[in-house]
Structure formats: structure tokens, C-alpha cells
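Trainee: Could we go through this structure together? I would like to start with how its side chains pack.

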Amino acid sequence: MKLNIAEIFTPYEKQAEFLLSPARNKLFLGGRFAGKSWCLTLQVLLLALINGCNGALLGRTESDLKKNLLPFLRFHLETLQKATGGYNWIRRYSVGDQQVELQNGATILWRGYDRVDKLRGLNLGYVALDEIEWSESDPIRVYETILPAIRVPCPRPTFALATSPNGLRGLTALFRRKQLEGDPNFYVARATSYANPHIDPEVVESCKSTMSKQRFETEILALASRPHMAIFDQFAESTHIVNHKKGQRGSKYIIGIDWGLNKAAMIAVEALEDGTWIVIDEQIEKPLSRGHFRDSVRGFIQKVCGDK
């Protein structure tokens, strides 16, 4: 059965370029509202139809899969069924096994890559991986761990990624380097938030009005920027790491807390009578809940301040 993908799913130009690229490694680098997850889930479905073998849809966490990626995958399957006269392309859909088997024998597994070592034993023909630059996992380690799993012979073995940039680092930097080298196995499609014709430009503009220039370039224009300046460029161990005895007369403690999005951090500073500030302790963790982190804050303050 021949399918007109452009007519059935109507991807916009940048999405179509990404979907049609034959490169083994391809990256959809998009701003907010650029339709990255929509495009990635369509890509994994098309690869399943083309290759007829096992593949995987990987999200940052199981929660990301359930809330974001799987609804798009089901939507694409429903769209395909309607466009083909009601033909049911699904042979078996199992939430327990975390997979959908299609009528052509292809199986799409879905997993979170937050515990990437559990994915080492998979035998796949293709992988679609979401928002790697904004995960807690190291992007390069995730890529290098999963890449050998793409080993099943098939017409189009593919490692497809969709993410917003988070600076010129990780896999974004890897793909840029490969492009500069002229490697045909690496392809990048970049789409700004304005590229998506299904998003009202006023929605994008309302977000732009609250953003800094650098954040606008990253989250709307999908530009992978280098830092504007070196961070802590004047730091030197010889002058900034000092011997210090905590609890000096007249000193005060200052506790800094960042609740964060995925990780939380605390820092303790002792402010001396002469105006010197000395960082004396820090703690970074991934709390189970805000209540757990409040308990950690209390424990951290007690450890640093004692009865003072």
C-alpha cells in the first residue's frame, strides 16, 4: 500500500525535511511550539512501517512518555487508520509490555532513558529519542549507550532525535561538528517557534516579551549559542580556596536555596565581621517531593549552623 505522508499528516516544511532525510543520525532542533514531539512520534511510526522490525520511542522519563509522546503516537495511528478507509494498523497494543505491534510485524517499544543502562540489551532497527539536551542524563553517554542497540538489519537504520538546544554542547555540539566535517550520516533540521503554521504568532510573541535575549534565542529561535563570556574566569585555587575554621566570633551564616526544576541545591556561606564571605558547604539532590526537600533543608541548616 502506497501512502502519501504529506497529504495524510501535513507536516510543515522543516518537519518534512527531517522525516524524509535518509541520514542514519538525524536531529530535529526546534524552539518551543515547533512540534518536535509530534514530528518525532511520526518519525518512529514511519520507520516502523518502512523497516518492519523492532524500534524504540524513548522519553526522558516514563511520565514524559505517558503525558506527551504516547498521545501523539496514538493520534498518528488514528490519523493513519482514518486515511486508509478504517484499516486497523495495530495488531497488539500492550501498556504492560510497553509496546505496540503493527500489522506488518514491526514493534515499537517505549521506555524512559533516565536509567539508560537498562536499555543496553535491546536489539533494534531504529530509535527516536526526545528532549535529550534537557534531561538529567548526560546526552553523550545516552547516545553512546543506545547507539550499539541499532543493529537489526533493515532498510533504514536510524537514530532520530528531537530537542530544543541547551547551549552548544552535548549532542548538539556533536552534530554541528559532524556537519562541519561534511559527514553524510548526520543531518540537522532547525525550526524556530515561528515556523509552525499551526501556532498563532501572538502566542510566541507573548512568550518573547518575558524572555531575555539569550533565552529568546535558545527557546524560540532554536539557536545553540556559546556562553557570551567565560564563567568564573578569574577563579584560581591558589587565591580562592582557603583554610577556614567555621564558627568565628561575630560571623553570620547565609543559606542559599534553589528549588530547581529537576534538581534542588543549597549553599552555605559564613559572613565574617570584616566583610569576607566564605562558602563552607553545599548540597545538591533530586528530592522525591517538596516535603522531602524541606526536611533536607532543615537538616542542612542544622548541620551548618548547629545551635547558633
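Mentor: Contact here means heavy atoms within 4.5 Å. This is a predicted model, in which local features need pLDDT of at least 70, side-chain atom pairs count only at pLDDT 80 or more, and totals for chains, interfaces and linings use all residues. Residues are numbered from 1 along each chain as its sequence is written, and side-chain values use heavy atoms, with hydrogens and water left out.

Trainee: Which residues does Phe 18 touch?

Mentor: Leaving aside residues up to four places away in sequence, Phe 18 touches Lys 26, Leu 27, Phe 28, Cys 39, Gln 43, Ala 160, Leu 161, Tyr 187 and Ala 189.

Trainee: How many residues are in the largest nonpolar core?

Mentor: That core has 37 residues, and Phe 18, Phe 28 and Val 44 are among those with the most contacts inside it. A nonpolar core is a set of buried Ala, Val, Leu, Ile, Met, Phe, Trp, Tyr and Cys residues joined through side-chain atoms within 4.5 Å. Buried means under 20% relative accessible area, exposed over 50%, and partly exposed in between (1.4 Å probe, protein chains only).

Trainee: Changing topic, where is Ser 21?

Mentor: Ser 21 sits in the loop between helix H2 (13-20) and strand E1 (25-30). Its relative accessible area is 7%, so Ser 21 is buried.

Notes:
Helices (H or I, at least four residues) and strands (E, at least two) are DSSP runs, numbered from the N terminus.
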